[in-house]
Amino acid sequence: MSEVNEQIFSVSEITKSIKFILESSFEKISIEGEISNFKAHSSGHWYFSLKDEGAVINCTMWKGVNNFVFFTPEDGMKVIVTGRLTVYAPRGSYQIDVRTMKPAGVGELQAAFERLKKKLYEEGLFDEQHKKPIPYFPKKIALITSSEGAAVRDMISVAERRYPLVELLIVPTKVQGSDAAKEIVKNLDKINLLQDIDIVILARGGGSIEDLWPFNEEIVARAIFNSKIPVITGIGHEVDFTIADFVSDLRAPTPSVAMELATPDQEELKNFVTENSSTISELIDNLINEYKSEIEDYLNSYTFKYPLENVRRFSQQLDTINLRVNNLVEKKVLSYNSKLSLISKTLEGYDLQKSLKKGFALIKQNSKFVTRKNNFNKSEPHTIQFYDGEVKI
Amino acid sequence: MSKKKSLISFEDKLKRLEAITEKLESGEVDLEQSIVLFEEGVKLSKECISILNKAELKITTLQKELNNISINDED
């Protein structure tokens with residue numbers, strides 16, 4: 001009877017056997033499939049399925065392991081995972097415990113890039129109206145970049161050469177690998193809490209599309225968009241365009257150029273100062289010369305050139321006036337004199353009449369009054385003048 | 001003097017210098033005022049050049065304590 005030989009397992013026993021057989025058979029396997037139902041749990045673990053046309057298999061990727069995945073997986077993305085098969089006895093299910101994950105091809109990243117670009121473009125995150133102006137004279141620039149490597153050194157030397165007045169705040173940040181995106185976001189948010197940062201430069205030297213992938217992550221794009229401080233990106237080389245470049249306020253082809261765009265050139269500033277200084281010197285010279293020639297004009301004028309001439313002219317005028325005044329005065333004096341003599345004659349006559357009235361008489365000879373006996377000539381005719389008339393003898 | 005200097009930023013000095021040039025160019029200022037502006041402009045020019053020549057790049061690294069400002073640190 002076969003019944004005798006029949007071994008009866010408990011559920012746990014058979015599951016244990018299945019678990020042993022399956023897990024030892026699929027200890028290290030690689031699977032290619034399309035991601036669906038991707039869920040990054042807040043605990044840090046990832047839960048998703050891989051599928052193709054005919055089958056689905058559940059996958060888990062634990063926190064700490066998924067840190068090494070440089071991109072954020074999304075539904076529809078074709079990936080190749082490696083890991084081992086595990087059986088979860090309480091549920092009677094199996095799943096792949098994923099150790100590594102990579103895109104099934106570069107085309108997958110490109111496709112993810114294009115999907116995100118289209119989505120953010122349609123949301124308006126790249127719109128010109130959101131671009132903040134870059135201040136021309138920044139006092140403090142924050143650099144979100146790796147503290148090691150050529151990028152930070154290049155930026156420092158550009159700042160030193162162009163505009164040493166600026167202060168650089170280096171914010172050491174992981175710019176490669178899966179947690180790079182999170183760290184970039186964290187530091188960008190942090191810098192936005194500082195009050196004195198004028199520009200943020202988000203920079204990274206050249207690398208493969210995988211190396212630059214953090215700058216193609218949606219969370220980075222949104223953090224740049226939300227930054228109140230203007231952000232300049234300088235990521236990779238000239239040919240590299242990342243999502244971060246599209247959303248930033250200004251895109252530079254390299255980190256060095258990013259610093260050039262962020263700072264004025266001190267040689268240009270010096271030229272500006274020198275030009276202004278020589279312009280004002282010229283202007284003031286011209287102005288002074290104008291006034292000088294005006295003064296010279298005055299000095300060359302008749303009055304200033306022949307000052308005595310004027311004095312002479314004036315003195316001549318004075319003389320003329322003087323003469324006229326003198327003449328006038330003389331005339332006046334003369335007329336007073338004649339008036340005076342007339343008056344005195346009248347006065348004299350007035351005295352004479354008085355005497356005649358009293359009875360005195362006057363003797364005239366040769367029409368002259370004879371006032372002394374010696375002057376009287378008996379033989380000559382003479383006239384006696386009385387008060388009431390003359391008698392000729 | 002250095003105290004007075006620090007009151008006006010480099011940027012403001014440049015702007016003032018430019019404004020002085022424009023004012024003098026306008027020709028609307030009398031001689032006395034022009035000379036006052038000219039002297040100020042020459043002083044500003046010297047200061048600007050000297051500020052640039054003396055400038056030394058200041059570099060700081062975001063400090064540990066600043067690093068500890070947590071926003072919504074998930075770790």
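**Ground rules.** I number residues from 1 along each chain as its sequence is written, and chains are lettered from A in the order in which they are written. Since the model is predicted, local features need pLDDT of at least 70, side-chain atom pairs count only at pLDDT 80 or more, and totals for chains, interfaces and linings use all residues.

**Entry 1: inventory.** I counted elements as DSSP runs, numbered from the N terminus (helices are H or I, at least four residues; strands are E, at least two). Chain A has 11 helices and 14 strands. Chain B has 4 helices and 1 strand, in the sequence pattern α-α-α-β-α.

I then looked up burial. A residue is buried if 20 or more other C-beta atoms lie within 10 Å of its own, exposed if 12 or fewer, and partly exposed in between, with C-beta atoms placed from the backbone. Of the 393 residues in chain A, 24% are buried. For the 75 residues in chain B, the figure is 15%.

Contacts came next (C-beta atoms, placed from the backbone, within 7 Å). In chain A, 64% of the contacts with a separation of 6 or more join residues 24 or more positions apart.

**Entry 2: the barrel.** I traced 5 strands of chain A that close into a barrel, in the order β1-β2-β3-β5-β4, with mixed pairing. Neighbouring strands of this sheet are turned by 55° against each other on average, direction ignored. For angles, axes are lines fitted to C-alpha atoms, for helices over the stretch in contact, and values run from 0 to 180 degrees between N-to-C directions. Helix α2 (residues 11-25) of chain A packs on the sheet, touching β4 and β5 (93-103) of chain A. The direction of α2 makes about 145° with that of β4(A).

I checked one pairing; two strands pair if DSSP finds at least two bridges between them. Strands β1 (residues 29-40) and β4 (residues 78-88) of chain A are antiparallel over 6 bridges. S30(A) has T82(A) as its bridge partner in β4(A).

**Entry 3: two helices of chain A.** α4(A) has 13 residues and spans 18 Å from first C-alpha to last, close to the expected 18 Å. That expectation is 1.5 Å times one less than the number of residues. I listed the buried residues of α4(A): A151(A), V152(A), M155(A), A159(A) and R162(A). They fall within an arc of 110° seen down the axis, so they line one face of the helix. The arc is that of the directions from the helix axis to the C-beta atoms. Their cover includes β6 (140-145), β7, β8 (199-204), α8 (255-262) and α9 of chain A.

α5(A) is largely enclosed by the rest of the structure, because 9 of its 12 residues are buried. Among them are K182(A), K186(A) and N187(A). The buried residues of α5(A) pack against β6, β7, β8 and α6 (218-226) of chain A.

**Entry 4: the interface.** I found 28 residues of chain A in contact with 29 residues of chain B. On the chain A side, α4 (150-162), β7 (167-172), α5 (180-191) and α9 (266-300) each supply at least two residues. α9(A) gives the largest share, 12 residues.

I sorted that side by type: 18 nonpolar, 4 polar and 6 charged. Ala, Val, Leu, Ile, Met, Phe, Trp, Tyr, Cys and Pro count as nonpolar, Asp, Glu, Lys and Arg as charged, and the others, Gly among them, as polar.

Which strand of chain B does β7(A) join? Strand β1 (residues 58-61) of chain B runs parallel to β7(A), with 4 bridges between the two. L169(A) has T60(B) as its bridge partner there.

Note on methods: Contact = placed C-beta atoms within 7 Å.
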